[in-house]
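I opened my notebook to go through this fold piece by piece. These are my entries, in the order I looked things up.

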Amino acid sequence: MPKEVLYVGLDESNHHNGNEHPEVCVAAFSTIKEDRECQVFNSKKDYSWKDEMLKDARRDYRFLLLNCNDIYPQRHNNLPVVAKSLILPVLKIFNPERLEIYIDGVVTRDDKDRIIKDLPLNLDVYVQGFIKYFKQERNFKDRRLQGKINSKKFKQPPIVKLADIIAHELFSCFTLEKLSQHEKRVSFLA
């Protein structure tokens, strides 16, 4: 019998501005295998695509607000540090045997080890980072767009694109008051 797999996409709003405007870190979740398979996307934030994706009950998301003082020293990528805070609250809902975690940005071996250490031992965990189009020469060959050095398009799993659009929408369209009371918000577990 195949293992129950939960696909996780992590992204952040990348608009951190001191204590005034916290970073919005998002984890999108899916049990749909196609949500892990790389596709070509452009940089446009398509909210109607996001809404359509979230109509399926096999997908969900959680987010947290991260101030610059929450993580010290500052890191190249905060997502590995907040991964457990975003993932642990939904494990009871999906009850997977395996997690496949896809993260926007550079993910080091130490980042992967940290994520795996922070999650329950009974889970089989896979972690992979994705660098967007403007650094495509740093991506693995199968993630590059053929014949392009720089492009406004990039390859990544739909679950990461979904997290990207949700992070952008939450940051751009919601007040801090509404974000703090949002039903999908979770707390940062230091």
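**Entry 1: strand β4**

How many of the eight residues of strand β4 (residues 59-66) are buried? I am working from a predicted model. I found eight of the eight buried, so β4 is largely enclosed by the rest of the structure. I then sorted the side chains by direction. R59, Y61, F63 and L65 point one way. D60, R62, L64 and L66 point the other way.

Next I looked up a partner of β4. Strand β2 (residues 23-30) is joined to β4 by eight bridges, and the two run antiparallel. In this pairing V26 stands opposite F63.

**Entry 2: the cores**

Which residues have the most contacts inside the largest nonpolar core? I listed V8, L10, I87, L99 and I101, in a core of 26 residues. The elements that give two or more residues to this core are β1 (5-12), β2, β4, α2 (79-87), α3 (91-94), β5 (98-104) and β6 (124-130). Helix α2 gives the most, with five residues. Apart from this core lies another, of 19 residues, with A28, M53, Y102 and L179 among them.

Leaving out residues up to four places away in sequence, L10 touches V26, A27, L79, A83, L86, I101, Y102, I103, D104, V160 and A163.

**Entry 3: helix α2**

Is α2 mostly covered or mostly open? I found it mostly covered, with nine of its nine residues buried. The buried set includes K84 and S85 as well as L79, V81, V82, L86 and I87. I checked what these buried residues pack against: β1, β2, β4, α3, β5 and α4 (109-118).

**Entry 4: two loop residues**

I turned to the loops. N95 is found between α3 and β5. Its phi is near 50 degrees, a positive value in a residue other than glycine. Most residues other than glycine have a negative phi. N95 counts as exposed because its relative accessibility is 58%, and the cut-off is over 50%.

C68 sits in the loop between β4 and α2. Its relative accessible area is 24%, so I put C68 down as partly exposed. I also checked C68 against H21: they are 47 residues apart in sequence, and 9.3 Å apart in space, C-alpha to C-alpha.

Note on methods
Residues are numbered from 1 along each chain as its sequence is written. This is a predicted model: local features need pLDDT of at least 70, side-chain atom pairs count only at pLDDT 80 or more; totals for chains, interfaces and linings use all residues. Side-chain values use heavy atoms; hydrogens and water are left out. Buried means under 20% relative accessible area, exposed over 50%, partly exposed in between (1.4 Å probe, protein chains only). Helices (H or I, at least four residues) and strands (E, at least two) are DSSP runs, numbered from the N terminus. Two strands pair if DSSP finds at least two bridges between them. A nonpolar core is a set of buried Ala, Val, Leu, Ile, Met, Phe, Trp, Tyr and Cys residues joined through side-chain atoms within 4.5 Å. Contact means heavy atoms within 4.5 Å.
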